[in-house]
Amino acid sequence: SLKANLYDRIFSPLSGAFITAFFVINYKLILLIFDSSNYYLKINYIESYLYPDLFWAATKLAVAPFLSAVFFIVFYPYPARLAYRIWAFQHR
């Protein structure tokens with residue numbers, strides 16, 4: 001039951017949208033992690049340019065992905081439904 005509970009939480013629409021938004025918003029961090037340069041330079045770049053203070057770190061790492069995920073889950077279905085109706089009407 002623990003495995004099923006974890007699976008439901010990890011693959012829920014909110015967590016999937018959050019993870020996708022996190023990777024899109026923080027693509028520079030992901031690329032920097034897999035870069036082969038010196039790790040002192042990586043840490044310096046992250047602290048100096050990507051996340052210079054706590055506000056930007058919290059915004060880019062948590063707030064922006066969460067708001068993007070909520071927007072995608074709550075507001076995206078309405079234009080998608082409208083587009084599907086238009087598409088279905090044109091194919092009739």
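Modeller: A helix here is a DSSP run of H or I with at least four residues, and helices are numbered from the N terminus. By that count V63 lies in helix α5, in a model that is predicted. Helix α5 covers residues 54–74 and is the main contributor to the nonpolar patch, giving 7 residues. The patch is made by L14, V63, F66, L67, F71, F72, I73, V74, F75 and Y76, and has an area of about 960 Å². V63 has a relative accessible area of 41%.

Now the interior. In soluble globular proteins, nonpolar side chains tend to be buried together. In this model the largest nonpolar core has 5 residues, namely L29, L32, L50, Y51 and A57. Leaving aside residues up to four places away in sequence, L29 touches I46, L50, Y51 and L61.

As for the chain around these parts, the protein chain has 6 helices and 0 strands. Buried residues are 15% of its 92 residues. The radius of gyration is 19 Å, whereas a compact globule of 92 residues would have one near 12 Å. The C-alpha trace spans about 60 × 40 × 25 Å along its principal axes. Of the contacts between residues at least 6 apart in sequence, 56% join residues at least 24 apart. The accessible surface of the protein chain is about 7,800 Å², and 71% of that surface belongs to carbon and sulfur atoms.

Conventions:
Residues are numbered from 1 along each chain as its sequence is written. This is a predicted model: local features need pLDDT of at least 70, side-chain atom pairs count only at pLDDT 80 or more; totals for chains, interfaces and linings use all residues. Side-chain values use heavy atoms; hydrogens and water are left out. A nonpolar core is a set of buried Ala, Val, Leu, Ile, Met, Phe, Trp, Tyr and Cys residues joined through side-chain atoms within 4.5 Å. Buried means under 20% relative accessible area, exposed over 50%, partly exposed in between (1.4 Å probe, protein chains only). Contact means heavy atoms within 4.5 Å. Patches are made of residues with over 30% relative accessible area and no salt bridge: like charges are joined within 9 Å, nonpolar side chains (Val, Leu, Ile, Met, Phe, Trp, Tyr) within 5 Å. Accessible areas come from the Shrake-Rupley method with a 1.4 Å probe; for residues, only the protein chains shown count as cover. A salt bridge is a side-chain nitrogen of Lys or Arg within 4 Å of a carboxyl oxygen of Asp or Glu. Helices (H or I, at least four residues) and strands (E, at least two) are DSSP runs, numbered from the N terminus. The radius of gyration is taken over C-alpha atoms; the globule rule is 2.2 Å times the number of residues to the power 0.38.
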